[in-house]
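Please look at the arrangement of the chains shown below, and then read on for a description of how they meet and of some contacts within them.

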Protein chains: 2
Amino acid sequence: MGELNLEKEISDLVEWLASYGADSKGGVSRLLYDENWVKAQDALKEHFEQIGMVTKYDEVGNLFGKMEGSEFKDETVATGSHVDSVKFGGKLDGAFGILASYLAVKYLKEKFGQPKRNIEVVSIAEEEGSRFPFTFWGSKNIVGKVDASEVRDIKDQEGVNFVDAMKQAGFGYKTSDEGIPADWKQWLEIHIEQGGVLEIEKIPVGIVQHIVGQNRYTVEIKGEANHAGTTPMKYRKDAGVAAAKIITMIQEQAKDFGEPMVATVGSIEFVPGTVNVVPGQANFSIDIRHTHKDQISSFAEKMTEKMERIAEEEGCEISINLYMEEDPVPMDPSIVQTIVDQCDGQGLSYKLMHSGAGHDTQRFAPLVPSAMIFVPSRGGISHNPAEFTYPREMAEGVKVLALALHKLAY
Amino acid sequence: MGELNLEKEISDLVEWLASYGADSKGGVSRLLYDENWVKAQDALKEHFEQIGMVTKYDEVGNLFGKMEGSEFKDETVATGSHVDSVKFGGKLDGAFGILASYLAVKYLKEKFGQPKRNIEVVSIAEEEGSRFPFTFWGSKNIVGKVDASEVRDIKDQEGVNFVDAMKQAGFGYKTSDEGIPADWKQWLEIHIEQGGVLEIEKIPVGIVQHIVGQNRYTVEIKGEANHAGTTPMKYRKDAGVAAAKIITMIQEQAKDFGEPMVATVGSIEFVPGTVNVVPGQANFSIDIRHTHKDQISSFAEKMTEKMERIAEEEGCEISINLYMEEDPVPMDPSIVQTIVDQCDGQGLSYKLMHSGAGHDTQRFAPLVPSAMIFVPSRGGISHNPAEFTYPREMAEGVKVLALALHKLAY
C-alpha cells in the first residue's frame with residue numbers, strides 16, 4: 001500500500017461521498033431515503049462494481065458489495081458502516097466506515113488478488129434515527145425482520161410518513177426473516193471515535209473491546225416554591241439545591257467508581273424558574289454508561305440510594321424514572337487479538353479501548369464475532385460539520401482494517 | 001373597637017375592593033390605569049369622603065384622603081399601600097394596606113373624634129411593575145418627579161404605550177418637583193408578610209425593622225460540550241457540574257452566614273441541554289438579600305471568590321454579572337419603638353422582623369421616619385389567588401395600626 005496514495009484516496013472519497021447531501025452549514029445532511037441518500041447508495045453501488053464486487057440491495061435499502069472468495073464461498077468477512085448522517089452532521093460519521101472498507105478491499109484486491117473467503121462491504125441504510133424517530137433501521141433489518149408496526153405510523157419533521165418515504169426511494173418492508181446472513185463469519189466496523197481520547201493520548205488507532213451499555217433517567221424533584229426574599233433558609237424546601245447536590249454527588253461517585261464509568265446530567269430545568277422564587281421543582285436527566293452491566297447496576301443502585309437521601313435531607317420528594325436500559329456489548333476477543341497482532345506485527349501503535357457511543361456493531365456482535373476500529377476525532381467533535389480526522393489518521397485506520405481483513409479472508 | 005366588627009368590616013372591605021379586577025382564576029388582576037384600577041381608585045375616593053376625609057389625586061393618579069387635624073395642620077401622619085395587583089394576583093397584596101388604613105382612621109374618628117395632626121391615607125397608584133416594565137411608579141412620583149424618558153417608550157403586553165394608558169385613565173406626568181409632601185412627619189404601611197414566618201411561629205403581627213437590600217446576578221459558566229458516552233470523566237469540562245457545586249456552596253454559605261441572609265438560585269439552563277451531551281455552558285441566576293449592606297458585600301465577596309475557584313477546578317470559565325444592587329432600608333427606630341410600646345401596652349404579641357420583599361415604604365423611609373406592620377400570609381403564599389390572611393389576623397393588624405396612628409396623631 002502506497003502510504004501517500006492511501007491518504008489522498010481516502011480524503012478524496014470522503015469529499016466525494018459528502019457531496020451527496022452537502023448542506024448549508026458546510027457539513028452533510030443525508031437522511032434516510034431522501035434524494036441524496038438514494039444518490040449516495042447508487043453511487044457507492046457503482047464504485048463497488050467498478051472494483052469487481054457483486055452488489056445487491058436488500059428490501060429496505062441496505063447495500064451489499066461482495067468481493068467473492070476463491071475457496072470458501074459460504075464464508076464471508078463483512079465490514080462497513082451506515083450511510084445516513086444526522087441533520088447538519090459531518091462528513092465522517094458512518095461514511096468513513098463504508099469508504100475505508102471499500103478502499104481496504106480495493107487495495108487488498110490490487111495487491112493480493114482474490115481473497116479465499118468473501119469480503120462483503122455493507123453500506124447500512126440507517127443508524128442515526130435523525131429523520132424518523134427510529135434508530136438502527138438498517139442493522140435491525142440485517143439481523144431480522146423488523147415489526148412493521150414499529151415504523152408504520154412514524155413521520156419526519158415535514159410530516160412525511162416513514163413507509164411513504166421508503167416506497168418513494170424504491171424500497172419496502174423486508175418480507176423474509178432469515179436472520180443475520182448465514183455466511184457472515186465475522187463483522188468489522190471502522191468508525192471515528194466521536195470522543196477525544198485518541199487525540200489527547202496521541203494514538204492514531206483504537207481497537208474496541210466493548211461497546212458500553214447505558215441507563216438513562218428522568219428525575220423529578222418536588223419541593224416548595226417560595227418567595228426568595230421572605231423565606232428563611234431554614235424554612236425552605238429547595239428542589240434546585242437538591243438537584244445541585246445530586247449532580248455533584250453523581251460526578252463524585254462516577255469519578256470514585258473509576259473508568260470506564262461515565263455519568264452525565266445533560267439537561268435541567270427549575271420550576272417556576274425565576275430569579276426571585278425558590279425552585280419548587282427541578283427536572284433533570286441522567287445518562288450513565290459502562291462496559292459491564294453488573295457495574296451499571298451496582299452504580300445505579302448506590303446512586304439511587306444517595307439521590308433519595310439527598311432529596312429527603314432537603315425536604316423534597318423525588319421520582320426517578322429509568323426510561324432506557326441498554327446492555328453493554330463485548331467485542332469478540334479473538335478478532336480483537338487478531339487486530340492487535342496485525343498492529344504489533346507492523347509496529348503500529350494502538351489503544352485498546354471501549355466505545356462510549358452506540359454503533360451498528362452492537363446489533364451484530366451478539367450474533368456474529370465482531371470488532372471495531374477507531375480513528376481519532378479532532379477535538380472529540382462529532383455530529384457537527386467540524387467533524388474531522390487527519391488524512392494520515394484515516395489512512396492508518398484503513399491500513400489496520402486492511403491488515404485485519406487480509407488475515408481473516410486470505 | 002369592637003373586635004368582631006373589625007373582623008367583619010375588614011373582610012367585607014377586602015372582598016369589596018377585590019371585585020374591581022376580579023379575574024377568571026378567582027383572584028385579582030388590577031393593573032395600573034386599566035378600567036378596574038380607575039374604578040377602584042374612584043370607589044376608594046368615595047369611601048374616604050364618606051368618613052370625612054378631604055381627597056385628591058396627584059397628577060399620576062395616586063389617591064390621597066386626608067382626615068384633617070385640629071391642632072397641627074402642617075403635620076401629617078401618612079399611611080397606605082398600593083392599589084395595583086400583579087396579573088392573576090390575590091386580594092390582599094397592597095389592597096389590605098389601603099383598606100386597613102382607611103378602617104383604622106374610621107374607627108379612630110368614631111372613637112376619639114378629630115385627630116390633632118392630619119392622618120392621610122394613600123392609595124398608591126402602582127408598585128408591582130406588572131402591567132409595564134417599571135416598578136414603584138406611584139411612590140417614585142410621590143417622592144419626586146420621575147424622568148419621563150424612563151416610561152415614555154414602554155408598552156404593556158398588548159402593545160399599549162404607558163403614556164397612552166395614563167392619559168386614557170385621566171392622568172399625566174407630574175409637572176412640579178417638590179419632593180415628598182412637606183407635611184409628612186411619619187409614614188406607616190401595613191402589608192401581608194408574603195412569607196411564612198409569622199404563620200410558622202404562630203404570631204399574628206410583625207413589626208418590621210428593616211427592608212432587606214438585594215443583589216441579583218446572572219452567571220455564565222463556559223466549559224466544553226462533549227459526548228456523554230465518549231468523554232471520560234477526567235477529560236470533561238462540565239459547566240453543569242460547576243454550576244451544581246456553586247449552587248450547593250451558595251446554600252451552605254448562606255446557612256453558615258446566618259439569618260437574615262437568604263440566597264437563591266431560582267433559574268438555570270444547561271447548553272446544549274440534551275441528555276447525552278456534557279453541558280458546555282450553564283447559565284443561572286443568584287438573588288441574595290440581607291438587612292445590612294456590609295453583610296451583603298461581605299457575603300458577595302466570599303461567594304464570588306468561591307465561585308471562581310469552583311469554576312477553575314472544573315476547568316471552566318465563569319462570568320458573574322451583578323445587574324441589580326438595592327440597598328437595605330432601615331425603618332425608623334423611634335416609630336418601631338412606638339408600635340412595640342402600643343403592643344406591649346395592650347398585651348398584643350408581635351415579632352420584630354425584617355421584610356424580605358420590597359415595598360413602597362422603602363421609597364419613603366430614606367426621606368421620612370417610616371415603619372411597617374405585617375400580618376401573616378397563609379402558607380407564605382402571595383402573588384397568587386390563594387393569598388389569604390385570617391380575618392382575626394387582619395383585624396389584629398388594623399388594631400395595631402390604629403394604636404400607632406392614635407399615638408402619633410392624637
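In this predicted model, the side chain of B:Gln251 makes a polar contact with the side chain of A:Lys245, at 3.0 Å. A polar contact is a pair of N or O atoms within 3.5 Å, where within protein one must be able to donate a hydrogen and the other to accept it, and where residues adjacent in sequence count only if both atoms are side-chain atoms. B:Gln251 has its place in helix α7 of chain B, and B:Gln251 is buried, with a relative accessible area of 6%. Here buried means under 20% relative accessible area, exposed over 50%, and partly exposed in between (1.4 Å probe, protein chains only). Not counting residues up to four places away in sequence, B:Gln251 touches A:Met233, A:Val241, A:Lys245 and A:Glu314, where contact means heavy atoms within 4.5 Å.

Residues are numbered from 1 along each chain as its sequence is written, while chains are lettered from A and ligands numbered from 1 in the order in which they are written. Because the model is predicted, local features need pLDDT of at least 70 and side-chain atom pairs count only at pLDDT 80 or more, whereas totals for chains, interfaces and linings use all residues; side-chain values use heavy atoms, with hydrogens and water left out.

**The interface between the chains**

How many residues of chain B are in contact with chain A? There are 55 residues of chain B in contact with 55 residues of chain A. The size of an interface is often given as the accessible area lost when the parts come together. Between chain B and chain A the buried area is about 4,300 Å², of which carbon and sulfur atoms give 60%; this is the accessible area (1.4 Å probe) that two parts lose on being put together, summed over both.

Between the two chains, 14 residue pairs are in polar contact, both residues being at pLDDT 80 or more. On the side of chain B that touches chain A, the elements giving two or more residues are α6 (197–200), β8 (226–227), α7 (239–257), β9 (262–264), β10 (268–271), β11 (277–278) and β12 (281–290) of chain B. Such helices (H or I, at least four residues) and strands (E, at least two) are DSSP runs, numbered from the N terminus. The largest share of this side, 10 residues, comes from α7(B), and the residues of the side divide into 23 nonpolar, 20 polar and 12 charged. In this division Ala, Val, Leu, Ile, Met, Phe, Trp, Tyr, Cys and Pro count as nonpolar, Asp, Glu, Lys and Arg as charged, and the others, Gly among them, as polar.

Strand β8 of chain B holds B:Asn226, which is buried, with a relative accessible area of 9%. Leaving aside its neighbours within four places in sequence, B:Asn226 is in contact with A:Gly379, B:Thr231, B:Asn276, B:Val277 and B:Val278.

**How the copies are related**

A rotation of 179 degrees with 0.1 Å of shift along its axis superposes chain B on chain A, with an RMSD of 0.1 Å. That is the relation of a two-fold axis. The copies are superposed by least squares on the C-alpha atoms of residues with pLDDT of at least 70 in both. The same surface serves both copies, since 100% of the contact residues of chain B recur in chain A. Of the residues of chain B, B:Ala244 comes closest to the rotation axis, at 2.1 Å (C-alpha).

**Salt bridges**

The structure holds 38 salt bridges over all chains, and two are counted between chain B and chain A. A salt bridge is a side-chain nitrogen of Lys or Arg within 4 Å of a carboxyl oxygen of Asp or Glu. The table includes three of these pairs.

| Salt bridge | Distance (N to O) |
|---|---|
| A:Lys234 and B:Glu259 | 3.3 Å |
| B:Glu75 and B:Arg117 | 2.9 Å |
| B:Glu393 and B:Arg392 | 3.9 Å |

A:Lys234 lies in the loop between β8 (226–227) and α7 (239–257) of chain A and B:Glu259 in the loop between α7 and β9 of chain B, so the pair joins two chains. Both A:Lys234 and B:Glu259 are exposed.

The pair of B:Glu75, in strand β3 (residues 72–82) of chain B, and B:Arg117, in strand β4 of chain B, links distant parts of the chain, 42 residues apart. B:Glu75 is partly exposed, with a relative accessible area of 23%. The side chain of B:Arg117 also reaches the backbone oxygen of B:Leu408 at 3.4 Å.
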